[in-house]
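The following paragraphs lead the reader through selected features of a structure. Please keep the sequence and the model in view while reading.

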Amino acid sequence: MPPDVFRRVSDEILRAQRPIRVLRSINWDPAVHERFFRGGARELPKPEYPPLGFEPERKIKELRAIRRQVRGKNPVEDLLRRKCDEFIALSQLLAARGTKRFYELSRRIYGDPRDRFPDHNVDNLAIARMWASRPRARDEELVYDAEDAAARVADICNPLLGGHVKVAVRTRLTANAAAGGTSITLRKGARFSDRQVRALAHHEGLWHVLTSLNGYRQPHLPVLGVGLPRHTESQEGGGIVAEFLTGHITDERYIELGERTIAIDMAARGADFLEVYRYLLARFPPEKAALMSERVFRGGLLEGGAPFTKDAAYQRGYCRTFNFLRAALEQRDVELVRAFLAGKMSVDDAELVRDLVEEGICVGPVYLPEWFIDIDRLNAMATHSVTMNRFSLPSVTRYYARRRGTRPPAEAPGRAREADTEEAPARLAGADEGDLGE
């Protein structure tokens, strides 16, 4: 298939997917929470979902027709077929809102809290529990309302994105912030600390929007500008890595991400909305606990047993993205990292995109995140990580406990034990196309 045909099929996929908006189709109206609290937070909420804006069966037929045009056996055509398959799966997911099948499709598309990593036999849920057990952040004064935060985010992002990002405030949003292809939206009524504003600028703008803009500028495969569930772990994980690499993350952020995954696992095992809400209420203020519970149950069954599993991808995505960067830098392969920035993709797609750049089918990124611009600092952080891998933290903890004459602290529940070896395995370290990334 010649490159001009890649472009034609890519454009057809972009047009076909426009009405498929997962989060917009399952997020609750703020009135749902208002009624919940007016009733004393004692009854299950009663969300009503908006019309999809498309007929799922017709959309599935349209995407299958596009897929049939792609008959070759090469990596690019495999990629285009996978794009069609994922939009078909998303159409099926949205058609199943409010049913047990929604959960079955969600697990197939986004994964499960208890999934193991493909590159390590590491338990995703154990990492979530470890994050949830970390110390709470201190001195995080919420000094910005949503409108002021929006202006500050635009000031941070636009110099690095050529002025192409728009930041708005709106009511119908579950997360405090979300990003589309060329825009960022903040939730009206939310308040932010200075650190949180900087973190979401790097997560939403200088990661989600940046990779969309780079993808849309691909001459033959602008479909790389659209995020897909298969890219969720790299997109959301890459956003958290961006917060970490720019120094704008706290343990409070890790705690919230860990608790989200734990809450999904609770719901999958049968906990209903009220049980999950009460669990989170012991850890967060009422409004935040309710919004976090919405993230778990939106689109699924509030009676339990069928959650929305997207948020379970954050731990897996964070670890895999950070380890991908470490491995590329260890091999002095900066071009592999540049390829990863050239659109929305899984870390497993980066080598293909680098090859396509060399062949002239793709181009490198136009926009670069702040953490990649200073490559010497990035290399130094990778060196620190590789160095610390030489040491087992439980062994070090026991050493200092013996020095103090005390017993070492017990491990957090569910935390994976590190091997006492010289070098333990790495563990951590538009028009708007595509859906919102949170």
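Lys59 and Glu62 form a salt bridge, with 3.0 Å between the closest N and O atoms; a salt bridge is a side-chain nitrogen of Lys or Arg within 4 Å of a carboxyl oxygen of Asp or Glu. Side chains of opposite charge can pair when their charged atoms come close. Because Lys59 and Glu62 lie 3 residues apart in helix α4 (residues 56-68), about one helical turn separates them. Helices are DSSP runs (H or I, at least four residues), numbered from the N terminus. In the whole structure, a search finds 29 salt bridges.

The model is predicted: local features need pLDDT of at least 70 and side-chain atom pairs count only at pLDDT 80 or more, while totals for chains, interfaces and linings use all residues. Residues are numbered from 1 along each chain as its sequence is written, and side-chain values use heavy atoms, with hydrogens and water left out. The protein has a mean pLDDT (the predictor's confidence in each residue, from 0 to 100) of 90, and 93% of its residues reach 70 or more. In residues 412-434 the pLDDT is below 50; this stretch has 64 contacts in the model beyond near neighbours in sequence, a contact meaning heavy atoms within 4.5 Å.

Lys59 and Glu62 also take part in helix packing: together with Leu63 and Ile66 of α4, they meet Val9, Glu12, Ile13 and Ala16 in α1. This contact comprises 5 nonpolar, no polar and 3 charged residues. Here Ala, Val, Leu, Ile, Met, Phe, Trp, Tyr, Cys and Pro count as nonpolar, Asp, Glu, Lys and Arg as charged, and the others, Gly among them, as polar. The axes of helix α1 (residues 3-17) and α4 come within 10 Å and cross at roughly 175°. Axes are lines fitted to C-alpha atoms, for helices over the stretch in contact, and angles run from 0 to 180 degrees between N-to-C directions. The two helices, α1 and α4, are therefore roughly antiparallel, the term for angles over 145 degrees.

A further pair consists of helix α11 (residues 251-268) and helix α12 (residues 273-281), whose axes come within 10 Å and cross at roughly 150°. That angle makes α11 roughly antiparallel to α12. Glu259, Ile262, Ala263, Met266 and Ala267 of α11 meet Glu275, Val276, Tyr279 and Leu280 of α12. Among the residues of this contact, 7 are nonpolar, none is polar and 2 are charged.

Notes:
Angles under 35 degrees count as roughly parallel, over 145 as roughly antiparallel, 65 to 115 as roughly perpendicular and the rest as oblique.
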